[in-house]
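Here are a few friendly notes to read with the model open beside you.

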Amino acid sequence: MMTRRSGYYITNVYIPTSLIVFMSMLSFWIPPDAVPARVTLGVTSLLTIVTKQYQASLPNVSYIVALNIWLSACIGFVFVSLLEYATVIALHTRLKKLSKVNVSTINEHVKVVHKVYPRDSRTVRNSWVNRKPKKEKFWTKHLAKFTPENIDYTSRILFPCIFVSQCSIYWAIYYHN
């Protein structure tokens, strides 16, 4: 009966790449305002894991081996964590711009609207002021829940759970004996 000696790969590839993936997930705990910290952590993790893939002493074969699948999955997790931050920073920047709208500017717009559409008894019945607001569209209502904080909070839970699931499936398929 043939058995594999996987101790070398476990200590030199599997454990370090797992730690790098978990290190990239630490960025979900860093506030979106700390751009240099999150970008540095994500890019460093990605470069380290790509370097680790090239350092893995694999024989040159024309087919995919289990270690290639493992390393590709780890690269995917680190890359998706970078994409998550890109989404968070884009939303964070957009919300900052929207919050900078001056309240006095809004009040001036309201005054102008009231001058154009005065609220007297003749126009109240037909004016747009008395109309009920349109129902929010499905996407508008649900997209409002996607805040940078909610995305980071969800990622803190979802990413590790998916990674642990992926690890369990990988080990069950490739190292079941």
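1. Let me start with the helix α7: the cover over its buried residues includes α1, α2 and α3. Those buried residues are Pro148, Ile151, Asp152, Ser155, Phe159, Phe163, Gln166, Cys167 and Tyr170. Buried here means under 20% relative accessible area, with exposed over 50% and partly exposed in between, using a 1.4 Å probe and protein chains only. Helices (H or I, at least four residues) and strands (E, at least two) are DSSP runs, numbered from the N terminus.

2. A word on the source: this is a predicted model, in which local features need pLDDT of at least 70 and side-chain atom pairs count only at pLDDT 80 or more, while totals for chains, interfaces and linings use all residues. Residues are numbered from 1 along each chain as its sequence is written, and side-chain values use heavy atoms, leaving out hydrogens and water.

3. Now the overall picture. The chain has seven helices and zero strands, running α-α-α-α-α-α-α from the N terminus on. Of its 177 residues, 25% are buried. Among contacts (heavy atoms within 4.5 Å) with a separation of 6 or more, 81% join residues 24 or more positions apart.

4. How well does the length of α7 agree with its 27 residues? At 1.5 Å a residue they should span 39 Å, and the end C-alpha atoms are 37 Å apart, which agrees. The expected span is 1.5 Å times one less than the number of residues. Along the way α7 has a kink of about 30°, centred on Ser155; the bend at a residue is the angle between axes fitted to the seven residues ending there and the seven starting there.

5. Helix α1 (residues 7–25) can be checked likewise: its 19 residues should span 27 Å, and its end C-alpha atoms are 26 Å apart, which agrees. A kink of about 25° lies at Tyr14, shortly before the proline Pro16. Tyr14 is also buried, along with Val13, Thr17, Ser18, Ile20, Val21, Ser24 and Met25. The cover over these α1 residues includes α2 (35–55), α3 (66–99) and α7 (148–174).

6. How do α3 and α7 lie against each other? Their axes come within 11 Å and cross at roughly 175°, so the two helices are roughly antiparallel. The residues of this contact divide into 20 nonpolar, five polar and two charged. Axes are lines fitted to C-alpha atoms, for helices over the stretch in contact, and angles run from 0 to 180 degrees between N-to-C directions. Under 35 degrees counts as roughly parallel, over 145 as roughly antiparallel, 65 to 115 as roughly perpendicular and the rest as oblique. Ala, Val, Leu, Ile, Met, Phe, Trp, Tyr, Cys and Pro count as nonpolar, Asp, Glu, Lys and Arg as charged, and the others, Gly among them, as polar.

7. Ser81, in α3, is buried at a relative accessible area of 1%. Leaving aside neighbours within four places in sequence, Ser81 is in contact with Ser24, Phe28 and Phe159. Phe77, also in α3, counts as buried at 13% relative accessibility.

8. Finally, Leu91 lies in α3 and touches Phe146, Pro148 and Ile151, not counting residues up to four places away in sequence.
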